[in-house]
Amino acid sequence: MNDDNKTTPSDPLLLNHEYDGIRELDYPLPGWWLTTFFITIIFGIIYWIHYDLSGAGPTLSQELEKDMAQIESLRNKAAADAPQVTEEALAALVQNSDAVTKGQAEYMAKCAACHGNAGEGLIGPNLTDKYWKNTDGTLVGMHKIVVHGVVEKGMPAWKGLIPDNLIKNVAAYIHSLQGSNPPNAKGAEGTLYE
Amino acid sequence: MSEATGGPLLNETYDDKIVKAFTLATLVFGLVAFIVGLLAALQLAYWPFNFNLEWLTFGRIRPLHTNAAIFAFAGNAIFAGIYHSSQRLLKTRMFNDTLSWAHFWGWQAIILAAAISLPLGFSQSKEYAELEWPIDIAITVVWVIFAVNFFGTLIRRREKHMYVAIWFYIATIITVAVLHIFNSLEVPVGMMQSYPVWAGIQDALVQWWYGHNAVAFFLTTPFLGLMYYYVPKASGRPIYSYRLSIIHFWALVFIYIWAGPHHLLNTALPDWAQTLGMVFSLMLWAPSWGGMINGLLTLRGAWHLLRTDPIVKFLITAVTFYGMSTFEGPLLSIKSVSSLAHYTDWIIGHVHGGALGWNGFLTFGMLYFLIPKLWNTKLYSMKLATTHFWIGLTGILLYYISMMASGLTQGLMWQAINDKGQLIYPDFVQTVTEIVPLYWVRAAGGLLFIAGFLIMLYNVYMTIQSAPAEEKAEAVTAPVHPKDGRHTGDGGHRKLEGMVITFSILSFLAIAVGSVIEIYPTLSLHKYIDKNAMVEPWTPLEQAGRDIYVKEGCYVCHSQMIRKLPFDVIRFGEASTIEESIYNRPFQWGSKRTGPDLARVGGKYPHLWHLRHMNNPRDLVEASLMPRYPWLEKKKIDFYSLRRKFSVMQSLGVPYGDETVANADKIAEEEAITLAAELTKEIQAAGGSVPENLERTQITALIAYLQALGQKGKK
């Protein structure tokens, strides 16, 4: 600590006032500092003119629209390229234990909270019986409901939330639960499909 | 060297008792603020650190932490420094001792009221303005007492000119008063509840005009004033550039006030306001660095002190952090940078670089300088102060780096879209799990910062122990009337420095321009509203649920503002509109997404999902770090107050019919019965047991609100 303020250096820029021992020099404003200040001001003015005053630059909404259109076209292209989901292909997955295991892991992570750990039904319906509200018991139907959900009834649409391949695995896993008769199963909902 | 004209000499002692009181309060509340901060940090790393107690949930603890850090710790530090330095810079005792003590005790009482009311959930849920209306009034009164005392001191000063530190104090006192009053215009609807007069976008703009300038005029300008006094005092060196002081002071005061909308970039706020917020933030860079340059270069020719003197170490490191934060701030205000950083921990890191580095270290440096002087002794141990410095600095760096990493990680994960046009990390919780390890690192950083502070407390304790028994008040002898600046031939700014009232009016005008230009147009909202997109106001039960959401402070983790950014829209649904929050008092756009955005969560899940989720989020989302809220299934809905609330809402312009207002409570009761019946059906189908009195418990109102979010605009 050094509060011996009387030893302030003698400097031609030292001003001749003093406050409680504090002296002030009067160095000129640093050039780079002033330049920075002016650049930010000029940038600010140009930016404002470009985006607001003149309307030349896009608004946020216009930019969003453009970005969304681009994403939409990516999605359309992906949908066109995607292989058709067929009953046979899905049935083959049901036989593939690796696929079913993967489907099960995803089911536990994303679906069990609503459909129960064993598919017995909880917030959502029982998935182990032959009664369905929104599908017809086929694998393709099952796949479709998982992809598109029943959003207004609280069953989320999982497209985009779960990768396409995994959705197929999940569908296969659920199919494998058919007739497993877990404890505490929720009562039948919907129509019986044999 | 001061002009010794002006009549007889007067000898007077300084009031250092009040400085001591504020100093001790700073230390006490510093400890509280830091520990509560650590608790909040731990809760994000491991949620059970809320001990499953309502009063300790994150939504209540975070406001307690921010208010304690800003108003209790930094506030008391500012007052200590201002009372100490002003008397000396103005060569006079404070204007009135009674006012000084009223200020001191009034402020401590406010802190106490905050410490009790925030954990109890009395909150307006507007950041750094959470305190409810009776406390808001108390703050106004105490601030006026402070102002009268300070300006009284200025008037009776015995130093003709005001030193730059005093300019900053003046700007602080005036601006904080204006900010606090306008952001706290609210209508009480209960002993400890109120609705702001502003709604939706207006409330958002006024809040962030306030919120940003709380940083500017509570955590920046007063601390710059302290810097201008304590850096030259502690180093014995002259201030580098008087000219720079003038330019950067006025530029800072004029420009800062415009920058608020940078907290609302890419949102529904009209584009022009966002642009102003962004470009003025960029323009702030140089004026801020003006202060840093003046602080750092004051050490010219005495750099060795940085090695040898812990006080100088603290002060100069603080100024360096100020420079870093004020570079980072403008950077974060660029719309595209904000799209990455907003709602993430990067902002939290940014804030703490400023709060711990700038405010914290400047305060520590000041106190190490001040305490031996006040108690008329020597600091017990310079070595311990140096240890404090290094431990504290390590803590800050850990904190800052971990939060920066966390923010970048999460921000980039939110944005990532693959070539199929899908989110790569669609699962929000995955982006949370990823950063939890960094939350532990942050907590470790906080712990180190506290460890350093404990060393300081010990050092201070030992210092005070060694103080001589009898107190010796420092005195000053100065002429009675040296202040008549108009007749001494000063010109330009120098002349202004002798004119308190003119100076204060100019400062006021400097902050008024930006305030009026940004806020006024937003008040005439009709220009921005699309009549075809208008939404229905909340029903009585939904409003009751909303009040619970506000009380629990869910906004600390959840935003309700889907930005005009593709990855926000893909994840959460259509961008939020102005119309959707037009009746929201307070607005709840939020500033941090620890959990997902909730603007459109309505209808996403069945009622039962919410019931179970609020009871224990981990039952549904294993990795969730959201607190449990089981007490919502026990506590009763306050139906009774709804009529009063609705009549206030109606008088504030919400289009409720007289019928609705007169029967608000009954309508809510009926809504609750209907919702409870639906919920009961779902529970029974799932084979669960139905909680008692579902139609009267708060969870039902909250679910009604959650299910209505984003549904109001749908025809």
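Modeller: A salt bridge is a side-chain nitrogen of Lys or Arg within 4 Å of a carboxyl oxygen of Asp or Glu. Side chains of opposite charge can pair when their charged atoms come close. This is a predicted model: local features need pLDDT of at least 70, side-chain atom pairs count only at pLDDT 80 or more, and totals for chains, interfaces and linings use all residues. Residues are numbered from 1 along each chain as its sequence is written, chains are lettered from A in the order in which they are written, and side-chain values use heavy atoms, without hydrogens and water.

Colleague: Which residue forms a salt bridge with Asp26(A)?

Modeller: Arg243(B), with the closest N and O atoms 3.4 Å apart. Asp26(A) lies in a loop of chain A and Arg243(B) in helix H8 (residues 242-256) of chain B, so the pair joins two chains. Helices here are DSSP runs (H or I, at least four residues).

Colleague: Is Asp26(A) buried or exposed?

Modeller: Buried means under 20% relative accessible area, exposed over 50%, partly exposed in between (1.4 Å probe, protein chains only). Asp26(A) is buried at 13%, and Arg243(B) is partly exposed at 38%.

Colleague: How many salt bridges are found over all chains?

Modeller: The search finds 30. One of them pairs Lys91(B) with Glu159(B) at 3.1 Å, N to O. Lys91(B) is buried at 16%, and Glu159(B) is buried at 3%.
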